[in-house]
Amino acid sequence: MKLFRCYARLMWKTMILSFVLLAASAVAQSPRKMPRRKLVAQSPQCAQGAICFSGEAREGQEYRRTLNSDLDFVMRLPGGFDIVPNRGGQQDCKLSAWVANPPLMAHHDTEIDAAYDWTAEQEVQTSPREFRFPTNCAEYDRLFQLSQADPQRYAANLTVLAKGEGRLWITDSKVTHSHGTVSRENGAVEWIRFTVEIKLPAAK
């Protein structure tokens, strides 16, 4: 009986370790092997205390919204959306939501560019898009370093170093196949209307 219990504990620990390694490996998976998230029919929401707004972005243009004294929300087509230092803040600060939204080497939820094997139609249908973001330069730098050197520690520290959270709903859109960032087959997003919910960490 004692031998059986030891064996059972060993198998349980092995299963847990395998799960952790599988999650960490998602950082470097091939874009064509990443399954697309199922779409969930959901109306825009705004949690108490969140920053919520709606906007419109057109191809070749930029939409920008100030979130606080340090951060801006930016949407570009083609490209996607990001959380960046605002124009009155640290211009030399590297800060981007990209580092907090794996898979880092494949298409992820902050991108709206009809790249990889995604079509423009698939881009505008993927909603809501959930994302995280670091809120200062030091946490961005640390998360980036871990993403390059230690996938397991990156996964373990993701929510610690990327304290900002957000959701983006695409509420209306127009796509075209007259041209495209990658090809006419992939197409391009001509314009989108969207609603955003941003949750910033509580000020200390």
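## Briefing: fold, aromatic pairs, cavity and backbone features

In the protein chain, residues 24 or more positions apart make up 63% of the contacts with a separation of 6 or more, a contact meaning heavy atoms within 4.5 Å. The model is predicted, so local features need pLDDT of at least 70 and side-chain atom pairs count only at pLDDT 80 or more, whereas totals for chains, interfaces and linings use all residues. Residues are numbered from 1 along each chain as its sequence is written, and side-chain values use heavy atoms, with hydrogens and water left out.

**Overall architecture**

- The protein chain contains 4 helices and 8 strands; these are DSSP runs numbered from the N terminus, with helices being H or I of at least four residues and strands being E of at least two.
- Along the sequence, the elements of the protein chain follow the order α-β-β-β-β-β-α-β-α-α-β-β.
- The protein chain has 204 residues, and 40% of them count as buried; buried means under 20% relative accessible area, exposed over 50%, and partly exposed in between, with a 1.4 Å probe and protein chains only.
- Carbon and sulfur atoms hold 54% of the accessible surface of the protein chain, which comes to about 11900 Å²; accessible areas come from the Shrake-Rupley method with a 1.4 Å probe, and for residues only the protein chains shown count as cover.

**Aromatic pairs and cluster**

- The whole structure has 10 aromatic pairs; rings of Phe, Tyr and Trp (its six-membered ring) pair if their centres lie within 6.5 Å, and planes under 30 degrees apart count as stacked, over 60 as edge-to-face and the rest as tilted.
- One of the pairs joins F53 and Y63, which are stacked at 6.4 Å centre to centre with 15° between the planes.
- Because F53 lies in strand β1 (residues 51-58) and Y63 in strand β2 (residues 62-66), this pair ties together parts that are 10 residues apart in sequence.
- F53 is buried at a relative accessible area of 5%, and Y63 is buried at 14%.
- W98 and F144 form a tilted aromatic pair, with 6.2 Å centre to centre and 45° between the planes.
- W98 belongs to the loop between β4 (79-85) and β5 (111-112) and F144 to helix α3 (residues 137-149), so the pair links parts that are 46 residues apart in sequence.
- Both partners are partly exposed: W98 has a relative accessible area of 24%, and F144 has one of 31%.
- One aromatic cluster is formed by F53, Y63, F73, F81, F131, F133 and F194.

- The structure holds 1 cavity of 30 Å³ or more; on a 1 Å grid over the protein atoms alone, a cavity is a set of points where a 1.4 Å probe fits but cannot get out, and lining residues have an atom within 4 Å of a point.
- The volume of the largest cavity is about 40 Å³; grid points are joined across faces, edges and corners, and a volume is the space filled by probe spheres set on the points.
- E59, L77, P78, I112, D113, A114, A188 and V189 line the largest cavity.
- This lining comprises 6 nonpolar, no polar and 2 charged residues; Ala, Val, Leu, Ile, Met, Phe, Trp, Tyr, Cys and Pro count as nonpolar, Asp, Glu, Lys and Arg as charged, and the others, Gly among them, as polar.

**The loop between β4 and β5**

- C93 lies in the loop between β4 and β5 and counts as buried at 12% relative accessibility.
- Residues up to four places away in sequence aside, C93 touches P85 and C137.
- The C-alpha atoms of C93 and D141 are 9.5 Å apart in space, and the two residues are 48 residues apart in sequence.
- P103 also lies in the loop between β4 and β5, and the peptide bond from P102 to P103 is cis, with omega near 10°.

**Further backbone features**

- A cis peptide bond runs from S127 to P128, with omega near 0°; P128 is located in the loop between α2 (120-125) and β6 (129-133).
- A114, found in the loop between β5 and α2, has a positive phi of about 50° although it is not a glycine.
- A114 counts as buried at 1% relative accessibility and is among the residues lining the largest cavity.
- Y116 lies in the loop between β5 and α2, and this non-glycine residue has a positive phi of about 50°.
- Y116 is partly exposed, with a relative accessible area of 35%.

How values were computed:
On a 1 Å grid over the protein atoms alone, a cavity is a set of points where a 1.4 Å probe fits but cannot get out, and a pocket is an open set with protein on both sides within 12 Å along at least five of seven lines; lining residues have an atom within 4 Å of a point.
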